[in-house]
Amino acid sequence: ENIKATFFIVGQWAEKYPDAVKMISEDGHDIANHSYSHLRMGALDKESIKKDLAKCSSILEGLTGRKVDLFRPPYGDYTNNVVAAAREVGHYTIQWNIDSLDWKPGITREEIMNRIKKRLVPGSIILFHNDTPHTASLLPEIIAEIKNNGYSFVPVSQLILRDNFYINHEGKQIKKK
């Protein structure tokens, strides 16, 4: 489909599957930080968060030769402290507005499709996971549905604002006037 996406990768996974990380990067997708050890970031102090993020980014950058500056907190667990720690190590904290729930035991293909259809809006970021029962086989349908609604695909790096913005109460970036 010639679509580029953003892959938020856990550092421990990257160490286990370095060739997969290289392949994703070489195919032109964004490689981004999903922490080294997939801990609940909101429960950690700032220095522990920074150390974890730096370790993950170092691994990813070493494998891809590309700078990593996007971070998605595990479990969507973020606080002002998490966002501040990420900024201090040069990362933009990313959330999503559509959780496919593809990771949830027992979820059906139809339930995943319906979640996406109901929530899709301009600028949507859809959360998927690897190693789930339906995601890979369902992607062609999802892509067709999104394209049929007149949307296109860009990696998160091309979607976000990088300066002159603030985050509103819903976690959305708003351009400052």
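In this briefing a residue is called buried when its relative accessible area is under 20%, exposed when that area is over 50%, and partly exposed in between, using a 1.4 Å probe and protein chains only. The structure is a predicted model, in which local features need pLDDT of at least 70 and side-chain atom pairs count only at pLDDT 80 or more, while totals for chains, interfaces and linings use all residues. Residues are numbered from 1 along each chain as its sequence is written, and side-chain values use heavy atoms, with hydrogens and water left out. A salt bridge is taken as a side-chain nitrogen of Lys or Arg within 4 Å of a carboxyl oxygen of Asp or Glu, and by this rule the model holds six salt bridges.

**Salt bridges around glutamate 88**

- Glutamate 88 is partly exposed, because its relative accessibility is 45%, and its side chain forms a salt bridge with that of lysine 46 at 2.8 Å, N to O.
- This pair links distant parts of the chain, since glutamate 88 belongs to helix α4 (residues 80-88) and lysine 46 to helix α3 (residues 46-64), 42 residues apart; helices here are DSSP runs of H or I with at least four residues, strands are runs of E with at least two, and both are numbered from the N terminus.
- Lysine 46 itself counts as partly exposed, with a relative accessible area of 26%.
- The side chain of glutamate 88 also meets that of lysine 50 in a salt bridge, again with an N to O distance of 2.8 Å.
- Because glutamate 88 lies in helix α4 and lysine 50 in helix α3, this second pair ties together parts that are 38 residues apart in sequence.
- Lysine 50 counts as buried, because its relative accessibility is 17%.
- Lys46, Glu47, Lys50 and Glu88 are joined in a network of salt bridges.

- The side chains of glutamate 141 and arginine 109 form a salt bridge at 2.6 Å, N to O.
- Glutamate 141 lies in helix α6 (residues 135-148) and arginine 109 in helix α5 (residues 109-119), so the pair connects parts that are 32 residues apart in sequence.
- Glutamate 141 is partly exposed at 41% relative accessibility, and arginine 109 is likewise partly exposed, with a relative accessible area of 25%.

**Surroundings of histidine 134**

- Histidine 134 sits in the loop between β6 (126-127) and α6.
- A polar atom of the histidine 134 side chain lies 3.0 Å from the backbone oxygen of isoleucine 107.
- Leaving aside residues up to four places away in sequence, histidine 134 touches Ile107, Thr108, Arg109 and Ile112, where contact means heavy atoms within 4.5 Å.

How values were computed: Polar contact = N/O pair within 3.5 Å; in protein donor to acceptor, adjacent residues only side chain to side chain.
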